[in-house]
Amino acid sequence: MSTFTASIPTTAEIAETVRKSLHSIGVDPQLLDGSRETKSPITGEVIAHTKFHTDDEIESAVAQATETFKTWRTVPAPVRGALVKRWGQLLTDHKEDIATLVTAEVGKIHSEALGEVQEMIDIVDLAVGQSRQLYGKTMPSERPGHRLAETWHPLGVVGIISAFNFPVAVFAWNTALALVAGDTVVWKPADATRLSALAVDTLLARAAKDVGAPDGIHHLLLTDRTGGQKLVEDPRIALVSATGSVRMGQEIAPVIAKRFGRALLELGGNNGAIVAPSADLDLALRGIVFAAAGTAGQRCTSLRRLIVHSSIADTLVSRIVDAYRTLNIGSPTHEETLVGPLINANSFKAQQGALNQAKEEGGKIVYGGERVLADDQPEAYYVQPAVVRMPSQSAVVHDETFAPILYVMTYDTLDEAIEIHNSVPQGLSSAIFTQDNTEAERFLSASGSDCGIANVNIGTSGAEIGGAFGGEKETGGGRESGSDSWKVYMRQATNTINFSGKLPLAQGVKFL
Ligand code: UN1
């Protein structure tokens with residue numbers, strides 16, 4: 001194990017880089033003068049403060065978004081695309097600044113923080129193109145002299161509730177498409193990541209000004225779960241797009257359903273990968289280690305369950321352990337670090353709890369799981385990613401623990417592997433490592449992986465924005481980002497146009 005104890009910056013140093021980035025982006029200093037603390041997981045200490053919006057301010061934001069929607073929906077979609085395009089330019093100009101904030105607030109290593117901003121830029125590109133492609137179908141009418149078509153219209157106000165682990169990219173997935181679709185946006189970011197939120201919202205405000213978009217098309221709410229709950233309950237919010245835990249989804253989904261609002265849920269993942277005997281183990285190893293230990297196991301798409309053919313399990317596990325030994329754990333500001341801190345003490349507790357449960361259920365920790373650097377940084381939680389050999393049936397592997405734990409199970413037949421794979425309640429991402437085309441196709445088929453994302457010879461994390469992102473079962477069923485996810489942000493109308501001069505009724509009905 002390597003650590004970088006000496007290289008962990010002081011809280012004052014982090015606060016200073018954060019201040020510089022916020023200043024360079026042009027965040028209003030008044031919003032940084034308030035009652036809410038922002039801590040950095042790098043030291044676990046307070047690096048900045050932000051304002052906290054009152055109930056009245058939240059109400060007025062929703063009211064303004066509702067009012068502005070009436071104007072924004074009439075702006076031609078390609079013109080709406082020009083706003084998003086300008087935002088993308090500003091995000092590109094400030095890529096380093098935003099990445100600095102993401103690293104400070106989330107603890108992501110620089111390369112991953114830059115990748116997250118790149119993900120914003122990528123979805124903006126997609127959305128700009130989409131602004132000229134909000135296609136509806138035409139269908140042959142059964143009646144002569146009739147035309148049947150569908151059109152897509154703006155939906156309304158979109159409420160975005162985002163999680164700490166992708167504090168800006170997931171906002172951009174939703175916002176870029178929602179704005180192009182003609183919707184207005186109200187955003188409640190995670191409590192831990194208000195600075196990153198302020199940065200990208202400030203740049204969106206500048207883009208809106210630069211292109212002459214109406215005031216009030218987007219609102220950042222500096223609030224906590226009570227503010228988020230207001231969005232969930234408010235019938236003016238046409239779509240609630242929420243990323244977070246299964247428990248959060250279980251709380252909010254019935255409330256939204258009761259008012260017939262639309263929900264886009266991206267909840268827990270408990271992602272598995274099957275490694276077949278034919279797999280290229282060098283390639284599989286890299287895919288597994290990035291997906292399981294990268295981002296300190298704090299992606300929705302992180303790899304948590306490895307289902308390995310029994311003939312190669314010992315070899316693969318020992319290679320994973322060897323690779324884990326080389327991972328530098330420490331400050332994400334250090335360029336050689338690969339594993340940064342957990343977000344807070346609760347994550348550490350959850351990780352320890354899961355490891356204890358795993359042991360009680362017959363698991364064997366073959367590597368990691370211990371806290372490091374605790375003497376110097378009592379408030380920060382750096383852990384060694386853990387590898388645990390598990391019996392194939394145990395309760396703990398059915399839970400998502402948002403920390404770097406990789407449970408390893410073995411199988412003998414592909415049917416068995418797929419059964420183990422699909423036995424968990426979550427269904428976000430999945431993978432198979434194999435060079436046998438039959439196995440790969442079986443995994444991708446209707447009787448294969450039951451997840452929203454199913455990969456071959458790639459880990460479970462790090463999806464591109466071009467595909468739809470989301471999952472089944474307790475993951476919530478939502479799809480965001482690419483493909484035809486844009487349709488969630490719009491309402492569909494079916495039009496029948498009669499140019500026959502007569503009035504034949506459908507299905508041959510005679511009347512009058
Ligand atoms: C998330 O963790 O909520 O596929 C999003 C990935 C990233 C997005 C993750 N592109 O890992």
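Modeller: Let's start with Glu116, which lies in helix α5; helices here are DSSP runs of H or I with at least four residues, strands are runs of E with at least two, and both are numbered from the N terminus. This is a predicted model, in which local features need pLDDT of at least 70 and side-chain atom pairs count only at pLDDT 80 or more, while totals for chains, interfaces and linings use all residues. Residues are numbered from 1 along each chain as its sequence is written, and side-chain values use heavy atoms, with hydrogens and water left out.

Is Glu116 buried or exposed? Its relative accessibility is 0%, so Glu116 counts as buried (buried means under 20% relative accessible area, exposed over 50%, partly exposed in between, with a 1.4 Å probe and protein chains only). A polar atom of the Glu116 side chain lies 2.8 Å from the backbone nitrogen of Ala169. Apart from neighbours within four places in sequence, Glu116 is in contact with Val102, Lys108, Asn165, Phe166, Pro167, Val168 and Ala169, where contact means heavy atoms within 4.5 Å.

From here we can follow the chain into helix α6, which covers residues 169-181. Helix α6 lies across β6 (157-161), β7 (184-188), β9 and β10, and runs at about 165° to β7; such angles run from 0 to 180 degrees between N-to-C directions, with axes fitted to C-alpha atoms, for helices over the stretch in contact.

Those strands belong to an open sheet of five, in the order β8-β7-β6-β9-β10, with parallel pairing; two strands pair if DSSP finds at least two bridges between them. β8 (218-220) and β10 (262-266) stand at the edges with a single partner strand each, so one side of each has no neighbour in the sheet. From one strand to the next, the twist averages 15°. Strand β9 (residues 237-243) pairs with β10 over five bridges, in the parallel sense, and Thr243 has Glu266 in β10 as its bridge partner. Another helix, α7 (residues 194-211), lies across β7 and β8, at about 155° to β8.

The buried residues of α3 are Ala77, Arg80, Gly81, Leu83, Val84, Trp87, Gly88, Leu90 and Leu91. Their cover includes α2 (55-72), α4 (95-106), α5 (110-130), β5 (146-154), α6 and α7. The 17 residues of α3 (residues 77-93) should span 24 Å at 1.5 Å a residue, and the end C-alpha atoms are 25 Å apart, which agrees; the expected span is 1.5 Å times one less than the number of residues.

Stepping back, the domain assignment gives domain 1 (11-267 + 476-492) and domain 2 (271-464), with bounds that come from an automatic or database assignment. The centres of domain 1 and domain 2, taken over C-alpha atoms, are 30 Å apart, and 19 residues of domain 1 are in contact with 24 residues of domain 2.

A second open sheet is worth a look too: seven strands in the order β14-β17-β18-β12-β11-β20-β21, with mixed pairing. Its edge strands, β14 (364-367) and β21 (453-456), each pair on one side only. Here the twist averages 25° from one strand to the next. Helix α13 (residues 414-422) lies across β11 (271-275), β12 (303-309), β18 (405-411) and β20 (429-433), at about 150° to β18.

Notes. A polar contact is a pair of N or O atoms within 3.5 Å; within protein, one must be able to donate a hydrogen and the other to accept it, and residues adjacent in sequence count only if both atoms are side-chain atoms.
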